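Biologist: I would like to go through this model with you. Could you take my questions one by one?

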Amino acid sequence: MEEKMTVGAAPKSGNSPPLSENTDGRRSRREISLETGGDMPPWLDEAPPPMEEYSPAIDYAEYVDAAPEKSSKKDIIGGLDWHGLETMVAECQACTLHSTRSNTVFGVGEREADLMIIGEAPGAEEDRKGEPFVGRAGQLLNAMLHAIGLSRKQVFIANILKCRPPGNRDPRSDEVLKCEPYLMRQVALVKPRVILAAGRVAAQNLLKSTEAVGRMRGRDFNYNGIPVVVSYHPAYLLRSPEQKAKSWQDLQRAVRLLSG
Ligand code: SF4
C-alpha cells in the first residue's frame, strides 16, 4: 500500500513550525507531497543505452595534499548573496577550466529547497546550455524526482565543479579546491534539509572520502551538519540499470529524512 509523506504539513501535535518552514521564518510554507513505497516507478524499467566505461576512483590523497585556497577569497565568497555569487562564478578564472568552457554551470532550481542534489561536473550538453543534469541523465533525474512527488523546480541542483573538464574527465583535486567555496556558499544559502550526493565524484568530494558509492550508500553522513544521502549518478544508472532499485531505496531514504 502506498504511503504518502507530506513536507510542510502542520504537525499533528505541539507548537513546532511546519517541516519545510525554518524557525527563522525565512521560507514560505510549501506543501510538497513526497511519495515512498508502492510500486516501482516506470524509470526503473527503462532500457539501458550501450555500456560505457565507468571511470575509476579519484586519487583522494592528491586531493588532500593539494594547496588550500587562500582564505581571503573563501571569506569573500562566504559573504556573497545569490546575485554576487552567480556573478563571481560567471567571471571565475580560478582554474584552467575557464579557458575551455562555453558556459559556467551555476546551478538551478528552488533557492530555498529542502532537497539539494549535487552532482559532479558539467558534461558537454550542460556546458552548452549552462544548466546541470540535462540530456538523458537529466531526464532520468526528473523521473526519479517525480516518483517521490517532487519536480525539478522544487529542488536545487548543483555540481562540484561549475565548468566542464575537457573530455568529461574526472575533476582534478586542484580544480575541486578552487571551486569548492562556491558550492559551500550555495549550500549555506539554500540551507537544504537533505543533500543527495549523486555519484562517486560528488560523494567523495563532499564527504572527503575515497570509498566507493556502493559502500557509502545507506550510511549516515553530513555536510556541515546537513544530512547527506549517497546514491548513484543518473548517468551511471543509464549504464547500469540493474542499480536502479538501489537508487530507489536511496530516494526513499531521502524522503524519510525530509519527512522526519
Ligand atoms: S571550475 Fe570553478 S574554480 Fe574553475 S574556473 Fe570554473 S568556476 Fe572557477
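Biologist: How many bridges join E4 to E6, and do they run parallel or antiparallel?

Modeller: E4 and E6 are joined by 4 bridges and run parallel. Strands here are DSSP runs of E of at least two residues, helices are runs of H or I of at least four, and both are numbered from the N terminus. Two strands pair if DSSP finds at least two bridges between them. Please note that this is a predicted model, in which local features need pLDDT of at least 70, side-chain atom pairs count only at pLDDT 80 or more, and totals for chains, interfaces and linings use all residues. Residues are numbered from 1 along each chain as its sequence is written.

Biologist: Which residue is the bridge partner of Met116 in E6, and which in E5?

Modeller: In E6 the partner is Ile195, and in E5 it is Phe156. Strand E5 (residues 156-159) is joined to E4 by 4 bridges, also in parallel.

Biologist: Is E4 mostly covered or exposed?

Modeller: E4 is mostly covered, with 5 of its 5 residues buried. Buried means that 20 or more other C-beta atoms, placed from the backbone, lie within 10 Å of the residue's own. Leu115, Ile117 and Gly119 point one way from E4, while Met116 and Ile118 point the other way.

Biologist: What is the strand order of the open sheet?

Modeller: The order of the 6 strands is E3-E5-E4-E6-E8-E7, with mixed pairing. Strand E3 (108-109) and strand E7 (221-223) are the edges, each pairing on one side only. E7 runs antiparallel to strand E8 (residues 226-231), joined by 3 bridges, and Phe221 stands opposite Val228 in E8.

Biologist: Which strands does helix H10 touch?

Modeller: Helix H10 (residues 244-259) packs on the sheet and touches E4, E6 and E8. Its direction makes about 170° with that of E8; such angles run from 0 to 180 degrees between N-to-C directions, with axes fitted to C-alpha atoms.

Biologist: Turning to the ligand, which residues come nearest?

Modeller: Of the 14 residues around the ligand, Cys92, Cys95, Lys162, Cys163 and Cys179 come nearest. A residue counts as near if its C-beta atom, placed from the backbone, lies within 6 Å. Helix H6 (residues 173-190) supplies the largest share of the shell, 3 residues.

Biologist: What does the pLDDT average over the protein chain?

Modeller: The average is 83, and 73% of the residues score at least 70; pLDDT is the predictor's confidence in each residue, from 0 to 100. Over residues 1-31 the pLDDT is below 50, and over residues 48-68 it is also below 50. Where pLDDT is low, the predicted coordinates should not be read in detail.

Definitions and conventions: Two residues are in contact if their C-beta atoms, placed from the backbone, lie within 7 Å. A residue is buried if 20 or more other C-beta atoms lie within 10 Å of its own, exposed if 12 or fewer, and partly exposed in between; C-beta atoms are placed from the backbone.
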